[in-house]
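These are my notebook entries on one structure.

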Amino acid sequence: MYTPVLEVNLGKIKYNARKIKNFCEKSNIEICAITKGFCAELPIVEAFIEGGLSFLGDSRIQNIIKVKKKFPHVKYMMIRIPKISEAEEVITYADISLQSQLEVIEVYSQKAISMGKVHNIILMIDVGDLREGVMPEDAEEMVGKILSMKGVNLIGVGTNVGCYGSIMPTVENATILINLRNRLEKIYDIKLPIISGGATSSLKLLRENKMPKEINNLRIGEAILLGEDSNNGILLEGYYQDAFILKAEVVELREKPSVPIGERGYDAFGNQPEYPDKGIRRRAILSIGRQDVRVEALTPVCPDMEILGASSDHLIVDVTDSKENTEPGSIIAFRCAYSAMLSLTTSPYVEKVFNP
Ligand SMILES: *Cc1c(COP(=O)(O)O)cnc(C)c1O
């Protein structure tokens with residue numbers, strides 16, 4: 001067995017996908033299932049599709065191209081504001097893109113015309129998180145200009161929260177988006193059928209029956225993959241949280257003091273951590289490190305173990321209270337949160353195994 005290995009349970013992902021689809025369908029919300037958190041690994045994409053989700057979204061054009069070549073029938077949305085330099089690929093492979101900048105949209109329009117195509121776009125509106133999007137008061141003028149461009153077709157408005165400004169989705173910020181859509185439809189006598197209201201963190205409004213009925217699209221990654229809503233700090237009841245399990249191998253097992261000995265500087269990553277004195281502890285060193293995974297997003301499956309720290313290539317786990325075998329050569333398992341899944345699927349040093 002090669003280690004470290006990321007074991008992915010496709011059945012659990014399929015279950016989560018189907019459950020969330022059924023839940024959102026009741027409110028007439030279409031899901032755009034986001035594939036960027038796992039490098040659009042094809043077996044996982046297939047689990048999405050088998051779970052009923054074939055409208056997909058990704059931030060990286062390479063992922064979109066890879067999936068479209070394997071599953072040409074899926075609909076794909078480019079969810080990162082696309083680059084001018086990738087216009088041709090985005091227009092060729094993405095069915096829709098989220099857009100926010102007039103100069104970029106102008107290039108996409110010209111490019112689409114030259115390719116004999118019309119490219120569908122959703123205009124991102126900034127309702128307060130201050131990442132991408134036009135400010136609501138500037139949208140009217142911008143939409144006027146977009147409507148004069150022949151190569152793009154404006155099909156809706158969208159917003160993103162909880163990313164830069166850690167602003168939570170609320171009825172208030174959803175209402176800004178809805179009112180703006182309604183005003184734009186009236187002023188320009190157009191139809192903007194899609195209102196894309198957010199991501200996993202917006203599901204909370206839906207569960208609490210507070211989601212305005214006009215919101216008809218959500219872009220969901222984390223909830224399907226990990227059954228978690230980390231913006232709100234909650235695990236979603238009835239969903240699998242353990243579809244992604246990391247297994248790493250013990251290379252040293254020793255009892256050592258818990259406080260380092262000697263003059264203190266900085267650790268390998270420029271931090272000065274505190275070391276509470278818990279006396280002599282039994283510590284396993286695992287052959288995985290920060291080059292492979294964002295350590296803070298790992299949780300040992302065995303509740304009696306605790307991660308003490310990590311450097312580029314080594315992870316130190318306190319196993320004093322554990323009854324598991326932790327001898328060198330044994331395997332310790334971890335549950336992954338989003339950034340661990342992201343880093344592990346990106347790392348060439350981590351084996352990926354897909355189980356049905
Ligand atoms: C990543 C991303 C999402 C999905 O977020 P989750 O929290 O994984 O559901 C939605 N929209 C945009 C624009 C994103 O970049």
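This is a predicted model: local features need pLDDT of at least 70, side-chain atom pairs count only at pLDDT 80 or more; totals for chains, interfaces and linings use all residues.

Entry 1. Leaving aside neighbours within four places in sequence, I found Phe71 in contact with Leu42, Val45, Glu46 and Ile49. I then located Phe71 in the loop between α3 (61-70) and β4 (75-78).

Entry 2. Is Phe71 buried or exposed? Its relative accessibility is 9%, and buried means under 20%, so I recorded Phe71 as buried.

Entry 3. I compared the positions of Phe71 and Leu180, which are 109 residues apart along the chain. Their C-alpha atoms are separated by 36 Å.

Entry 4. I turned to Tyr164, which lies in the loop between β7 (152-158) and α7 (171-188). Its relative accessible area is 62%; exposed means over 50%, so I recorded Tyr164 as exposed. Together with Leu130 and Met135, Tyr164 makes a nonpolar surface patch of about 340 Å².

Entry 5. Which residues are around the ligand? I listed Ile34, Lys36, Ile79, Arg131, Asn160, Ala199, Thr200, Arg219, Ile220, Gly221, Glu222 and Tyr338.

Entry 6. One of Lys36 lies 2.6 Å from an oxygen atom of the ligand. For Thr200, I noted a polar side-chain atom 2.6 Å from a ligand oxygen atom. In the side chain of Arg219, an N or O atom is 2.8 Å from a nitrogen atom of the ligand. Taken alone, the ligand exposes 390 Å², and the protein buries 90% of that.

Key: Residues are numbered from 1 along each chain as its sequence is written. Side-chain values use heavy atoms; hydrogens and water are left out. Helices (H or I, at least four residues) and strands (E, at least two) are DSSP runs, numbered from the N terminus. Buried means under 20% relative accessible area, exposed over 50%, partly exposed in between (1.4 Å probe, protein chains only). Contact means heavy atoms within 4.5 Å. Patches are made of residues with over 30% relative accessible area and no salt bridge: like charges are joined within 9 Å, nonpolar side chains (Val, Leu, Ile, Met, Phe, Trp, Tyr) within 5 Å. Accessible areas come from the Shrake-Rupley method with a 1.4 Å probe; for residues, only the protein chains shown count as cover. A salt bridge is a side-chain nitrogen of Lys or Arg within 4 Å of a carboxyl oxygen of Asp or Glu. A residue is near a molecule or strand if one of its heavy atoms lies within 4 Å of it. A polar contact is a pair of N or O atoms within 3.5 Å; within protein, one must be able to donate a hydrogen and the other to accept it, and residues adjacent in sequence count only if both atoms are side-chain atoms.
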